[in-house]
Every structure is written in structure tokens, then in C-alpha cells.
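Student: I would like to learn how to read the packing of side chains in a protein model. Could we go through it together?

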Amino acid sequence: MNFRSLLLVLLTVLLAACAPKYHYQNLATAEPEFEHILVVFDYLHFVDDVGKLMDYHEDKNQLQIEALKSVITNTLSANGFQGTVDFALISSGLGLNPENGFEHYIDGDLSETLIYPPFYLESNHHESFQHQLMASFADAQSVAFVPVSKKTQGFYADLRMNTLSFAGTDEYPDRKLNSQSRVGVLHIRAVLPKISFMKAMGVSLLTVGLTAGATGGAYIGIATPVGVPHSTGLLFDNQTGEVLWKNQTAGDLSRFGDQASARFFKQFPALD
């Protein structure tokens, strides 16, 4: 190896060592005390247009939503959560400015009308419970981007997420679960923007929140990098609010291979 190659390797190692770490595992919890997991995830892919608007391709997003669902299902199954997973809320564009219209493409054809975020919502739950899931999702995003270090380990250990209320059995499809049930809540987000640098500088698509109607009157902001591909994940115990695991990385989780997906979910809690 010549000097230039050696120098490049050393610089790469140094930069990797200096890069902020985002993976967190709650070492105080050897095994989760729940067998059921509620999953909330959002997938979003949008691209630059030649004009002022962005393009949202419905078919491409739906394809990757299914891919991400498979990634999550396989991961949870491998960790012992088989048949106990509820995709409580699946969305696309949750957290984008609801006033920003996108050009809407369906099967490659441009629709005559604009589409406004969130572009897609799917849930078997009552609307009031969906509002709780959305608010919890926003909270999880703000936590996901806090780097993990010796200084912040205490922050994560002491952090308590807002818990969800199962009041009213008609709000929950599985009648075996009630207000006393212990469940995990997993929030996953994958964003793949294809946006020019100049447009990213002038547009704050991912820094404002949900419509008041979508959150029962609350205005929720989610601060995330504009124009930067990223994936986040956070799992907490709904009974205690404790964060058990979280991660954030560059790239689109739905497009990760098996090894990359395994690295993202490294040390995710497992049932024996």
C-alpha cells in the first residue's frame, strides 16, 4: 500500500471515529416485558420538478412502503415477535408542511390536481387513537436525532416518552388488549428526497408539522434534515415510557440489503 492509499484509509477511519453515533440500547433492560408491538412507520420519496413544485409518485412510494413493511416484519420475527405485531399506522409524508402542494403522479401519469401531505394514511384504529400515534411519532423523531455519547447516555436513561391511552375497547381492534396491557411502540421513518441543493436551501419541507385536524387540534413540528436521505427508529415501553432502543442513519431503510438492515437494527430487544 502506497503512502497516499494509507493516508486515505487513516482519514476514513478518523472520520468514522469522529462521526456522531445515534444507536442507543437500554442496557438496564435485558429482555422486553411485552410480547406485543405497535408499529408506526412513515415512508416518503419525492423528487425535484423542473418548476417550483416537488413530485410525489404514488406507485413508487407504495412499492417501498411494502418493502419497508417486510423489513420490519422480518426483523421483529427474527427477534421473537411473531404474530404479535400490529401495524397501527402506516403513512407517507407525515410531518410535512400540509400547505405545500406536490404534483401527483399515478402510474407515471400526472394528475390534474395537486396532492397535499400527508399523502397516505392507513390504520385500523379509531381516529382519536390515530391522533395519539401521530403525536407520539413526532416526539420520536425529535429524540431520534439526538446523538448518543457518554454525555447523553443519562438523558436517554432518564427519558420517558408519552404513553398511549387504550381507553375504550372499541378503539383497539384486538379486544384482548386493554388499558392494563403492556406493549412496545416502534416508530420507523425512512425518507428519500431527491432535491437540488439550491431548492433545499429555500424550502423547509420537513421542519413543520401536521394539520390541526389530523392531530385533534395540536400543531406538531418535526425537525429533520431537508433534502437528506435518512432513516430513524425508536422503540419504547408504553407502560413505563422508557426508550429501549433507537437508531438513526443516512439512507433509505426500505432499500437496505439484509446486512445493512441487520446493522440498523443492531441490538434490537429480543424475546427468548
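**Rings, cores and backbone**

Tutor: Phe87 is buried, with a relative accessible area of 16%, where buried means under 20% relative accessible area, exposed over 50% and partly exposed in between, for a 1.4 Å probe and protein chains only. This is a predicted model, in which local features need pLDDT of at least 70 and side-chain atom pairs count only at pLDDT 80 or more, while totals for chains, interfaces and linings use all residues. Residues are numbered from 1 along each chain as its sequence is written, and side-chain values use heavy atoms, with hydrogens and water left out.

Student: How many aromatic pairs does a search of the whole structure find?

Tutor: Rings of Phe, Tyr and Trp (its six-membered ring) pair if their centres lie within 6.5 Å, and planes under 30 degrees apart count as stacked, over 60 as edge-to-face and the rest as tilted. The search of the whole structure finds 13 aromatic pairs. In one of them, the ring centres of Phe41 and Phe87 are 5.9 Å apart and the planes are at 85 degrees, so this pair is edge-to-face.

Student: Which strands hold Phe41 and Phe87?

Tutor: Helices (H or I, at least four residues) and strands (E, at least two) are DSSP runs, numbered from the N terminus. Phe41 lies in strand S2 (residues 36-48) and Phe87 in strand S4 (residues 85-92), so the pair ties together parts that are 46 residues apart in sequence. Phe41 is buried too, with a relative accessible area of 0%.

Student: What sits over the ring of Phe87?

Tutor: A charge sits over a ring if NZ of Lys or CZ of Arg is within 6 Å of the ring centre and within 35 degrees of the ring normal. Here the charged end of Lys69 sits over the ring of Phe87, 5.1 Å from its centre.

Student: Which residues touch the most other members of the largest nonpolar core?

Tutor: A nonpolar core is a set of buried Ala, Val, Leu, Ile, Met, Phe, Trp, Tyr and Cys residues joined through side-chain atoms within 4.5 Å. The largest one has 25 residues, of which Phe41, Ile72, Leu186 and Ile188 touch the most other members. Helix H2 (58-78) is among the elements that give two or more residues to this core, and the largest share, five residues, comes from H2.

Student: Where does the backbone have a cis peptide bond?

Tutor: The peptide bond from Pro117 to Pro118 is cis, with omega near -5 degrees, and Pro118 lies in the loop between strand S6 (109-115) and strand S7 (120-122).
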